[in-house]
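Trainee: Please take a close look at one part of this structure for me. I would like to hear about the salt bridges.

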Amino acid sequence: MIKLFEYNWQVRKDWFDWCGEINPDELLKKRTGGLGYILPTLYHIAAVEYGWICGGIQGKEIYIPAFDEVASLKQVIDFSNRCHEEVAPFVYGWNDSLENRVMIDITDDGEEEAHAWGEVMRHVIVHEIHHIGQLSVWAREIGKAPISANLIGRGLFG
C-alpha cells in the first residue's frame with residue numbers, strides 16, 4: 001500500500017510540473033466531467049487525502065481552505081506539500097495492526113458511518129487514481145500529452 005501512495009505522490013508532482021507548462025487560463029477553464037477544472041481537481045486530491053487520513057483516521061484538528069483561498073498553481077502546490085508533510089509519516093508508519101481499526105465518519109446528512117482504516121486508506125489511493133484519469137482526458141482535450149499513469153518504470157520497486 002505504501003508503494004501506491006508513493007506512486008500517487010510522484011504522479012501528483014508530475015502533474016504539478018505539467019501545469020507549470022500550461023497557460024494558467026487552461027487550468028481554470030470549465031471542462032466536462034469530474035470537478036470540471038484541472039487545478040481545482042489537483043487541490044481536491046490533496047484535500048481529500050489530508051481530510052481522510054489526518055482529520056478522519058487520526059482525528060486531528062485540521063483546516064482545509066476553500067479553493068478560492070489557494071486558487072493559483074503555486075498556492076495549490078504549497079497546500080499539497082503542507083498536507084503531504086502531515087500525511088506521509090502516518091503512511092510510512094502503516095502496519096497490519098492498523099488495518100481493522102475503525103474511524104467514525106459523519107456524512108453530509110449527519111449520519112455516523114464506521115469505516116476500517118485499511119478501507120479508508122485504499123479509498124484515498126483509488127480516489128486519486130480516478131481523478132488522474134480525468135486529468136489525462138482534459139490534457140488530451142487541450143492538445144497536450146498527459147502524465148504517464150504507468151506504475152512500471154517509476155523506480156518505486158527495486
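Mentor: What follows is an account of the salt bridges in this model. The model is predicted, so local features need pLDDT of at least 70 and side-chain atom pairs count only at pLDDT 80 or more, while totals for chains, interfaces and linings use all residues. Residues are numbered from 1 along each chain as its sequence is written, and side-chain values use heavy atoms, with hydrogens and water left out.

A salt bridge here is a side-chain nitrogen of Lys or Arg within 4 Å of a carboxyl oxygen of Asp or Glu. By this rule there are nine salt bridges.

One of them joins the side chains of E26 and R31, at 2.5 Å from N to O. For the accessibility words, buried means under 20% relative accessible area, exposed means over 50%, and partly exposed is in between (1.4 Å probe, protein chains only). R31 is buried at 7%, whereas E26 is partly exposed at 23%.

Another salt bridge links D78 with K74, their closest N and O atoms being 2.7 Å apart. Both residues are in helix 4, and because they are four residues apart there, about one helical turn separates them. Helices are DSSP runs (H or I, at least four residues), and strands are runs of E (at least two), numbered from the N terminus. D78 is partly exposed at 28%, and K74 is exposed at 56%.

K60 pairs with E86, with 3.7 Å between the closest N and O atoms. K60 is partly exposed at 36%, and E86 is partly exposed at 30%.

Finally, salt bridges link R12, E49 and E128 in a network.
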